[in-house]
Amino acid sequence: MQYTGWMERNGERLTRTEIERMLSQEPALLSQCGGEFALAWDACRARDHFGIIPASVPAGAIVCGGRTVGRIEPSPPPCDLEEAILTAIRLRSDEGVVALSGGVDSSLVAGIAGLECVVVGFEESHDAVQAARAARELGLTLHTVTPTEALIEEALTHVVSVIPDPTNPVDASIATTLYFVAEWAGEQGYSRILAGQGADELFGGYARYLGSDDLAAELEHDFHGLADQALRDQRIAALHGAYFSLPYMDVRVVRAIRGVPAHERVRDGVRKHLLRTIAERHIPAEIAWHEKKAMQYGSGIWRVIQRLARKNGYKKSVQGYLNQISRAEYGIGD
């Protein structure tokens, strides 16, 4: 059996031995398993419900002999949203490191998980300052990664070789930030990186939601785009033998929050209002209600990429610079 990630059933973590026994004695139980995993045994393959872990089969599929024979459809006992979030984090907290930016998403994960944390950011950058503050308030160990311009330039050559849309400036800058998170984790011997991805789309974190004419439709659209984001991020993590573990994409959390009306997720001009309300019961209120920048801006990585673009003759086009890297290194776009 080949196995990446972790599995659970009804809130109980499964050991490798228990998984092997299930596959040999009660294979029908596989369809009820949650977690984040890619599994291969005999002539069969399976992948977790939302496809968090990359694999050669579709998300949530059980494929044997090249034919889909079942679906991964976990249905844990019903619970409210707060319990769902806490359970999702605790199930992932037996190992790993937390990617901490100091915002409510990652700070709640870090506070509940109690693991050491890592942030990417330049001195006095928004994320470095906020993550240090959050770690101090939560009593957690924080490691700050401050890449040089040369290292960022080198990282970009690796990033554009693996992400689905290598010349998209937003994707490339996010992926470059995550590259250094995953690199640090891999060097320290960690394979699991707990992260807050998915919270913006599920709880209403983007600034554009405040002026949306149809918030429910926009949230639904963005939720369905999470698979592409996960693919981008996991490809970056895989470069360093790691994977991102996403508590907010747990089936319990998704089921609970999608039953909450859009106007309760974003209300009174506050993004992620519901998540912040829950978070302040578990982490300091000033962290729960703090508004932060997107990681590529908060870390300072975006400014460096813009500077590199200018140095390479692209004064107004980061995309042009990324195209140049893609062509020069990998022939993409030729």
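In what follows, Ala, Val, Leu, Ile, Met, Phe, Trp, Tyr, Cys and Pro count as nonpolar, Asp, Glu, Lys and Arg as charged, and the others, Gly among them, as polar.

Good morning, colleagues. The model is predicted, so local features need pLDDT of at least 70 and side-chain atom pairs count only at pLDDT 80 or more, whereas totals for chains, interfaces and linings use all residues. Residues are numbered from 1 along each chain as its sequence is written, and side-chain values use heavy atoms, with hydrogens and water left out.

A cavity is a set of points, on a 1 Å grid over the protein atoms alone, where a 1.4 Å probe fits but cannot get out; a pocket is an open set with protein on both sides within 12 Å along at least five of seven lines; lining residues have an atom within 4 Å of a point. Grid points are joined across faces, edges and corners, and a volume is the space filled by probe spheres set on the points.

The second largest pocket holds about 190 Å³ of space. Its lining has 15 residues, with Phe-50, Phe-223, Leu-226, Ala-227 and Met-249 nearest the centre. Helix H8 (215-224) and helix H9 (226-238) are the elements that give two or more residues to this lining; helices (H or I, at least four residues) and strands (E, at least two) are DSSP runs, numbered from the N terminus. H9 has the largest share, five residues. By class, the lining of this pocket divides into nine nonpolar, five polar and one charged.

The structure also holds one cavity of 30 Å³ or more. About 90 Å³ of space lies in the largest cavity. Among its 14 lining residues, Gly-35, Phe-50, Met-249, Asp-250 and Val-251 are the closest to the centre. Strand E3 (34-41) gives the most to this lining, three residues. Five nonpolar, three polar and six charged residues make up the lining of the largest cavity.

Finally, a pair of helices. The axes of H5 (residues 149-162) and H6 (residues 169-187) come within 9 Å and cross at roughly 110°; axes are lines fitted to C-alpha atoms, for helices over the stretch in contact, and angles run from 0 to 180 degrees between N-to-C directions. H5 and H6 are therefore roughly perpendicular to each other, a term for angles of 65 to 115 degrees. The contact (heavy atoms within 4.5 Å) involves residues including Leu-151 and Ile-152 of H5 and Tyr-179 and Phe-180 of H6. By class, this contact has nine nonpolar, two polar and no charged residues.

Notes: Angles under 35 degrees count as roughly parallel, over 145 as roughly antiparallel, 65 to 115 as roughly perpendicular and the rest as oblique.
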